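Please look over the structure first. The questions after it go from one topic to the next.

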Amino acid sequence: MAQNSLRLADQVEAFVRQVVIPYEKDPRRDSHGPTDDLVFELREKARQAGVLTPHILPDGSHLSQRDTAMVLKRSALSLLGPLACNTMAPDEGNMYLIGKIGSPSQREHFLKPLVSGRTRSAFLMTEPAEDDGAGSDPSMMKTTARRDGRYWVIDGRKAFITGYKGAKVGILMANSGTTEKMAATMFLIDLPNPAIEIERVLDTIDSSMPGGHSVLTIKGLRVSADHILGEVDKGFQYAQIRLSPARLSHCMRWLGAATRAQEIATGYVCKRRAFGKLLIEHEGVGFQLADNMIDLKQAELMIDWCADVLDSGSMGTVESSMAKIAVSDALFRVADRCVQVMGGTGLTQDTIVEQVFREIRAFRIYDGPTEVHKWSLAKKIKRDHLEKSA
Ligand SMILES: Cc1cc2nc3c(=O)[nH]c(=O)nc-3n(C[C@H](O)[C@H](O)[C@H](O)COP(=O)(O)OP(=O)(O)OC[C@H]3O[C@@H](n4cnc5c(N)ncnc54)[C@H](O)[C@@H]3O)c2cc1C
């Protein structure tokens, strides 16, 4: 890791511990997540502390994935930290994608306000299961985009769109292909737009994302051809560019949150007594925290390994699938053990441990459920075997 990135990570951690953690009991939140009022107040503090959007440097370049891992992990020692530092999903992945694919004018119009932390964004891909739309299998996409002169007209429905409510920038994927051959195109859109209606905001297990997760109806949305992100019909290729690093950045952040849960659980069991001694001195408790220590280290190593692969210029599709499965499962075990050793307190909102548990449960579904990643790894194993034996 570069020395200056290490210094930056230390700065981010100090900011999160000293400034952000005291806000954890701030009442400005609803059942979906913190309000924008709270988010933008925290961002102002991050700006003053020099830790706003720390993974994107002033010249617009991005830290290496390896350095990003350290910074994002530290930013997530509080669940409010990534929102404060602007390292949160979906903005972090959206900024990465627009930075890589966007034209200079698109970067000026859509990326600049995001990097400045003054707006939020959403990524619109998934569709409602009841429509048999895109979910685990994005090729089932039902939302259509048809050309109309200099414009494209988009119709359909989307679901689970994180942060849509309150977002100013959207990246929308729609089927621009024919009835015989589907193809996806990505569109950049200014939000809100009267052609997109929020049907409802879903009540989900997690509660860290401002705006929650929306179900949307899109009727006759007109998007100028200038706002196509990259080229027509190349949406799935671009999704791959976004997905591996975005998936890994979730691993980085949830590693930070699980590390904090372990700190809190450790504090509890080193103070609380039962049957004449401290809880930590009971083997059944101590071993759970020891298992956590191992899972946390294995998660960190897996993230660093995948980050190195991405930094070498590879798409890291296989490695990011492996990392996503291993890290989300390991961190879920960590959070579950933290809840367990804290007894009833672990289930209350007196600490963030119960929320970390809920958030990491959701992470085992989004950015590709565990089984879908395993299924694609199995396909690779078969492919490699057939190639070798041919
Ligand atoms: C909190 C949260 C935030 C999200 N944010 C966004 C967002 O901002 N933008 C967006 O576009 N989407 C978002 N999503 C959607 C998310 O990406 C999808 O939920 C995910 O891709 C799975 O799709 P699905 O829910 O339709 O599940 P389905 O496709 O219905 O799959 C259900 C289950 O079937 C199993 N399964 C599916 N395929 C296979 C297979 N090949 N082999 C074995 N088992 C399989 C898996 O266990 C899977 O969990 C979010 C979801 C959540 C929960």
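Loops and contacts

Q: Where is proline 192 found?
A: This is a predicted model, in which local features need pLDDT of at least 70, side-chain atom pairs count only at pLDDT 80 or more, and totals for chains, interfaces and linings use all residues. Residues are numbered from 1 along each chain as its sequence is written, and side-chain values use heavy atoms, with hydrogens and water left out. Helices (H or I, at least four residues) and strands (E, at least two) are DSSP runs, numbered from the N terminus. On that numbering, proline 192 sits in the loop between β5 (184-190) and β6 (196-202).

Q: What is omega of the cis peptide bond between alanine 89 and proline 90?
A: Proline 90 is placed in the loop between α4 (81-85) and α5. The bond that joins alanine 89 to proline 90 is cis, and its omega is about 0 degrees.

Q: What is phi of asparagine 86?
A: Asparagine 86 also belongs to the loop between α4 and α5. Most residues other than glycine have a negative phi. Asparagine 86 has a positive value, near 65 degrees.

Q: Which residue of β3 stands opposite aspartate 148?
A: Strands pair if DSSP finds at least two bridges between them. Strand β2 (residues 144-148) and β3 run antiparallel and are joined by 5 bridges. Their hairpin has 2 residues between the strands, and glycine 149 in this hairpin takes a positive phi near 65 degrees. Opposite aspartate 148 is tyrosine 151.

Q: Which residues come nearest to the ligand?
A: A residue counts as near if one of its heavy atoms lies within 4 Å of the molecule. There are 16 residues around the ligand, and those that come nearest are Thr126, Ser136, Phe160, Thr162 and Glu371.

Q: How far is a polar side-chain atom of threonine 162 from a nitrogen atom of the ligand?
A: A polar contact is a pair of N or O atoms within 3.5 Å; within protein, one must be able to donate a hydrogen and the other to accept it, and residues adjacent in sequence count only if both atoms are side-chain atoms. A polar backbone atom of phenylalanine 123 is 2.8 Å from a nitrogen atom of the ligand. An oxygen atom of the ligand is 2.8 Å from a polar side-chain atom of serine 136. For threonine 162, the distance from a polar side-chain atom to a ligand nitrogen is 2.7 Å.

Q: Which elements give two or more residues to the shell around the ligand?
A: The shell divides into 9 nonpolar, 5 polar and 2 charged residues (nonpolar: Ala, Val, Leu, Ile, Met, Phe, Trp, Tyr, Cys and Pro; charged: Asp, Glu, Lys and Arg; polar: the others, Gly among them). The elements that give it two or more residues are β3 (151-162) and α12 (370-389).

Cavities

Q: What is the volume of the largest cavity?
A: On a 1 Å grid over the protein atoms alone, a cavity is a set of points where a 1.4 Å probe fits but cannot get out, a pocket is an open set with protein on both sides within 12 Å along at least five of seven lines, and lining residues have an atom within 4 Å of a point. Points are joined across faces, edges and corners, and a volume is the space filled by probe spheres set on them. The whole structure has 2 cavities of 30 Å³ or more. The volume of the largest cavity is about 60 Å³.

Q: Which element gives the largest share of the lining of the largest cavity?
A: Residues that line the largest cavity include Arg253, Trp254 and Ala257. By class, its lining has 6 nonpolar, 2 polar and 1 charged residues. The largest share, 3 residues, comes from α7.
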